[in-house]
Amino acid sequence: MVDDNLHDLELALEALHDVPTPARVVTALGGSEALAYLNTHTQGDQRPSLVLLDLKMPQLDGLEVLDAIRSTATLHDIPVVILTTSRDEADIRACYKRGANGYVVKPLEFASFATTLRATMTFWLGLNQTPGMVKAQLV
């Protein structure tokens, strides 16, 4: 999970605290920290199953991080879901055009945010099928 706001990251971790998930949640405070983490965790169980990415960040914004992920051979196929407060149509179009797998608007109220985050995690880490999952089921 990538966000430039430490408070938002803490709220997200609180929202996911009681949710049973097969994944470990790792946070990155901003785009540079996210790319540093992603570029050093590309193999096996260290490789992220999903990136939740804030859009509006200083230094490296979400679109720049998304571009870097999509242009890196070891990262390009990781699902990236934009998790942001922006409802701007131009932002939504830009994210999908650059390869985002999803776009979720963060609700301002904590209970709604928690519900939205849990639903997002449930879909991407529980319901969504990836090629590796299908192969593993066939073996």
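Which side chain has a polar atom 3.2 Å from the backbone nitrogen of aspartate 88? The side chain is that of serine 86.

## The model and its outline

This is a predicted model, in which local features need pLDDT of at least 70 and side-chain atom pairs count only at pLDDT 80 or more, while totals for chains, interfaces and linings use all residues. Residues are numbered from 1 along each chain as its sequence is written, and side-chain values use heavy atoms, with hydrogens and water left out.

The protein chain has 6 helices and 5 strands. Helices (H or I, at least four residues) and strands (E, at least two) are DSSP runs, numbered from the N terminus. Read from the N terminus on, their order is β-α-β-α-β-α-β-α-β-α-α. The chain has 139 residues, and 38% of them are buried. Buried means under 20% relative accessible area, exposed means over 50%, and partly exposed lies in between (1.4 Å probe, protein chains only). A contact means heavy atoms within 4.5 Å. Of the contacts between residues at least 6 apart in sequence, 60% join residues at least 24 apart.

## Serine 86

Serine 86 sits in the loop between strand 4 and helix 4. Its relative accessible area is 11%, so serine 86 counts as buried. Leaving aside residues up to four places away in sequence, serine 86 touches Leu55, Lys56, Asp91, Tyr103 and Val105.

The pairing of serine 86 with the backbone nitrogen of aspartate 88 falls under the term polar contact. That term means a pair of N or O atoms within 3.5 Å; within protein, one must be able to donate a hydrogen and the other to accept it, and residues adjacent in sequence count only if both atoms are side-chain atoms.

## Helix 3

Helix 3 covers residues 62-70, and its buried residues are Gly62, Leu63, Val65, Leu66, Ala68 and Ile69. Among the elements that cover these buried residues are helix 2 (31-40), strand 3, strand 4 (80-84) and helix 4 (89-97). The N-terminal end of helix 3 is capped by aspartate 61, which has a side-chain oxygen 3.0 Å from the backbone nitrogen of leucine 63.

## Salt bridges

Side chains of opposite charge can pair when their charged atoms come close. A salt bridge is a side-chain nitrogen of Lys or Arg within 4 Å of a carboxyl oxygen of Asp or Glu. The whole structure holds 7 salt bridges. One of them joins lysine 106 to aspartate 3, with the closest N and O atoms 2.6 Å apart. This pair links distant parts of the chain, since lysine 106 is in the loop between strand 5 (102-105) and helix 5, and aspartate 3 is in strand 1, 103 residues apart. Both lysine 106 and aspartate 3 are buried.

Lysine 106 also forms a salt bridge with aspartate 8, where the closest N and O atoms are 3.3 Å apart. Aspartate 8 lies in helix 1, 98 residues from lysine 106. Lysine 106 counts as buried because its relative accessibility is 8%, whereas aspartate 8, at 23%, is partly exposed.

A further salt bridge pairs glutamate 89 with arginine 93, the closest N and O atoms being 3.4 Å apart. Both residues lie in helix 4, 4 residues apart, about one turn of the helix. Glutamate 89 is partly exposed because its relative accessibility is 44%; arginine 93, at 57%, is exposed. Elsewhere, salt bridges that share partners join Asp3, Asp8, Asp54 and Lys106 into one network.

## The cavity

On a 1 Å grid over the protein atoms alone, a cavity is a set of points where a 1.4 Å probe fits but cannot get out, and a pocket is an open set with protein on both sides within 12 Å along at least five of seven lines; lining residues have an atom within 4 Å of a point. Grid points are joined across faces, edges and corners, and a volume is the space filled by probe spheres set on the points.

The structure has 1 cavity of 30 Å³ or more. The largest cavity holds about 60 Å³ of space. Its lining includes Asp3, Asp8, Asp54 and Lys106.

The largest pocket has a volume of about 440 Å³. Its lining has 23 residues, and the closest to the centre are Arg24, Val26, Pro48, Ser49 and Leu50. Helix 2 gives the most to this lining, with 3 residues.
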